[in-house]
Amino acid sequence: VDIYTTTEAIDLLSSKIQDLGIRGCMVQDAQDFQEFLEQKDGRWDYLEDGLMELAHCETCITVYLPEDGQGTETLSALRDMLAQLRAADPEHIYGRLEMQCSGIREEDWANNWKQYFKPFPVGKKLYIKPSWEEPTAAAEGRTILEIDPASSFGTGQHHTTRLCLELMENEIVPDSTRLLDLGCGSGILFIGGMLLGAKEAYAVDIEENATRIARENAAENHLDPERYTISCGNIISDETLRQEIGSGYDVITANIVADVIKGMAPLFPGFLKDNGILILSGIITERADEVLDTVTAYDFAVLERREASGWCAVKLQKLAGAGTSCDTVRK
């Protein structure tokens, strides 16, 4: 996957790519190559013509993803991350922030993800399946959650989503729990919560495409539209959206990435009621302590931490008397 950007964005993008679990990348940058040309000594007698083209190339970061279920989830998360960066960069300092797939067309990859998505149980209560598959014997005694994520993150196969669902299932009190899902993607978390009995839910995503798919999946699971709200926007920068979301939630789920979770940290207490539960996921294990240091500074206590294949998910509880304002974001 080639991501087109600018020299100024290389370090930022490299960090965000790592937060998606992608361990390595290759960078082509005209400015970097120009510095090499200016500093090279006399030992360089010949440079291939193709190499000289780097002097005029568009800055590009290349990553490699496996052509499987995890790869399609990561591709979707990569797309969402770039969309968020574009939204936060009206001056286009970071370039066009577009990606192109090679080896396989992106649209083919997006359409062929179905071959990797088979039904499976999650935790002790849920059974996840796409609409075109029939339940197996493993579904017996479980609540069936149908999800067709298309090009939006969230089939439940990714470790971050599964960990989040597992931590959430025992926190839903039927006909009582108010659930807030931040960065809803395909809607799998809030839909799962409502199927387990949540009274109502509010779901938010920065990507319009994600909110559309979440609505389709909610309808596929026959949820009452009077009991949930899905909005598109950025809660960190949009005070009006924060006011619409309101407060007093029993459970928050946020399966995003480390830096976004850290940015949201000052807002979590204002959305939750005292002793409410905050479930965080999408964090690579190397950054888990850093994220938890930031979040617990806002009067949260860690209740449980789970890890799988380099990913970490955490369940925290808001301490009684912690802040209740959704309006202040620490710079």
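## Exercises on a predicted model

At 13% relative accessibility, Tyr228 is buried (buried: under 20% relative accessible area, exposed: over 50%, partly exposed in between, with a 1.4 Å probe and protein chains only). The model is predicted, so local features need pLDDT of at least 70 and side-chain atom pairs count only at pLDDT 80 or more, while totals for chains, interfaces and linings use all residues. Residues are numbered from 1 along each chain as its sequence is written, and side-chain values use heavy atoms, with hydrogens and water left out.

**Exercise 1.** Find the ring that pairs with Tyr228 and describe the pair.

*Solution.* 
- Step 1: apply the rule. Rings of Phe, Tyr and Trp (its six-membered ring) pair if their centres lie within 6.5 Å; planes under 30 degrees apart are stacked, over 60 edge-to-face, and the rest tilted.
- Step 2: count. The rule gives one aromatic pair.
- Step 3: describe. Phe190 and Tyr228 are tilted, with 5.8 Å between centres and 45° between planes.
- Step 4: Phe190 is in helix H7 and Tyr228 in strand E10 (residues 228–232), 38 residues apart. Helices (H or I, at least four residues) and strands (E, at least two) are DSSP runs, numbered from the N terminus.
- Step 5: check burial. Phe190 is buried too, at a relative accessible area of 0%.

**Exercise 2.** Describe the surroundings of Ala201.

*Solution.* 
- Step 1: locate the residue. Ala201 belongs to strand E9.
- Step 2: check burial. Its relative accessibility is 6%, so Ala201 counts as buried.
- Step 3: list contacts (heavy atoms within 4.5 Å). Beyond the neighbours within four places in sequence, Ala201 touches Leu179, Phe190, Met194, Arg227, Tyr228 and Thr229.

**Exercise 3.** Which charged ends sit over the rings of Tyr4 and Tyr249?

*Solution.* 
- Step 1: apply the rule. NZ of Lys or CZ of Arg must be within 6 Å of the ring centre and within 35 degrees of the ring normal.
- Step 2: take Tyr4. The charged end of Arg96 sits over this ring, 4.3 Å from its centre.
- Step 3: take Tyr249. Arg178 lies over its face, at 4.3 Å from the ring centre.
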